[in-house]
Protein chains: 2
Amino acid sequence: MNSDFTLAIHSLTYLALQLDRMSTSDAISESAGVHPVRIRKVLSLLKKHGFIKSKEGTGGGFIFARDLSEVNLWDIYKITSEGALQPKCPDSNEACVVGANMQRVLINIFLGAEEHLGEYLKHYTLKDIVDLIYKEN
Amino acid sequence: MNSDFTLAIHSLTYLALQLDRMSTSDAISESAGVHPVRIRKVLSLLKKHGFIKSKEGTGGGFIFARDLSEVNLWDIYKITSEGALQPKCPDSNEACVVGANMQRVLINIFLGAEEHLGEYLKHYTLKDIVDLIYKEN
DNA sequence: TGTACTGTAATACTAAGTGTTACAGATTGA
DNA sequence: TCAATCTGTAACACTTAGTATTACAGTACA
């Protein structure tokens, strides 16, 4: 799994603690320890899906656009990492009964796995994450 | 997720259809469409964990060592891919409340996710996979 | 009009995954 | 005993995905 998912969570959590003002990609990138351009790419995705708003120019930045408890981790997973579970099988041998059918079988199993993961991730809202950030252990 | 997991499943399924004789890494690699050395590496792992037996020399190869219905996909996942869900977060900023705590929060969430995935994978035994290979769609 | 932002393309760098070669060790059969 | 056929594994090369960096256009504000 690439880290866009965790960067998105990190960014949104950061914004969640600054609901009253805009935050710059520089500030968020410093908190997350990655390059500002990377953060802007991830935030650009989040914006396209309506989770945040942005404003260019002096005093601009990013700000949360939804209710904290109505955004969950599955929402974020879907736009940053959907299909990440699916391992890429090389083209196997059609002349062999295993090779010819394995891909179809595995794809279905991994689709199921991702759905299953979704059920788990849906239980975590951004509000939960903020609470966990403050809770010791 | 790397493809060791699916290669292991592929190999074991192949062996499951040849329970009465040994199969060579060459034969399996041809079915799976990857290099024989790669297959041997994966099979080496499976052997170390007692899923298969091997024999060197002429007429040698690999053979299943367990009951088909007592090996499930979670067993295989654990030895090939455990921790694969865990995205690597870059070291974030300890001076920021989000940076300082995010890693701990995410690690716990992903541990839970992997456990959850385990519950799903446990429901598929190798016997199920063999049945699915033969079942249309 | 200068400064501080976002938005994004292009490119370079790095790490993980995969393929390949090489060769030692085991086993078999002639 | 010798050649052939396997596994076992290390070493290295290649490829691709992930990430960082540079560059610059566009927007907003003072």
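In this predicted model, chain A is superposed on chain B by a rotation of 180 degrees with 0.0 Å of shift along the axis, at an RMSD of 0.1 Å. This is the relation of a two-fold axis. The same surface serves both copies, since 100% of the contact residues of chain A recur in chain B.

The interface between the two chains joins 48 residues of chain A to 48 residues of chain B. About 4000 Å² is buried between chain A and chain B, and carbon and sulfur atoms give 72% of that area. Three residues, A:Met1, A:Tyr120 and A:Ile133, supply 15% of the area that chain A buries against chain B, more than any other three residues.

Polar interactions across the interface may be stated by type. The rule finds zero salt bridges between chain A and chain B, whereas 10 residue pairs are in polar contact, both residues of each pair being at pLDDT 80 or more.

Four elements of chain A each give two or more residues to the side that touches chain B: α1 (4–16), α2 (25–32), α5 (97–121) and α6 (126–134). Of these, α5(A) provides the largest share, 16 residues.

The side of chain A that touches chain B divides by residue class as follows.

| Class | Side of chain A that touches chain B |
|---|---|
| Nonpolar | 28 residues |
| Polar | 15 residues |

In outline, chain A and chain B are related by a rotation of 180 degrees, and carbon and sulfur atoms give 72% of the area buried between them.

Note on methods
Residues numbered from 1 in each chain as written. Chains lettered and ligands numbered in written order. Predicted model: local features only at pLDDT ≥ 70, side-chain atom pairs only at ≥ 80, totals over all residues. Heavy atoms only, no water. Least-squares fit on C-alpha atoms with pLDDT ≥ 70 in both. Contact = heavy atoms within 4.5 Å. Buried area = accessible area lost by both parts, 1.4 Å probe. Salt bridge = Lys/Arg side-chain N within 4 Å of Asp/Glu carboxyl O. Polar contact = N/O pair within 3.5 Å; in protein donor to acceptor, adjacent residues only side chain to side chain. Nonpolar A, V, L, I, M, F, W, Y, C, P; charged D, E, K, R; others polar.
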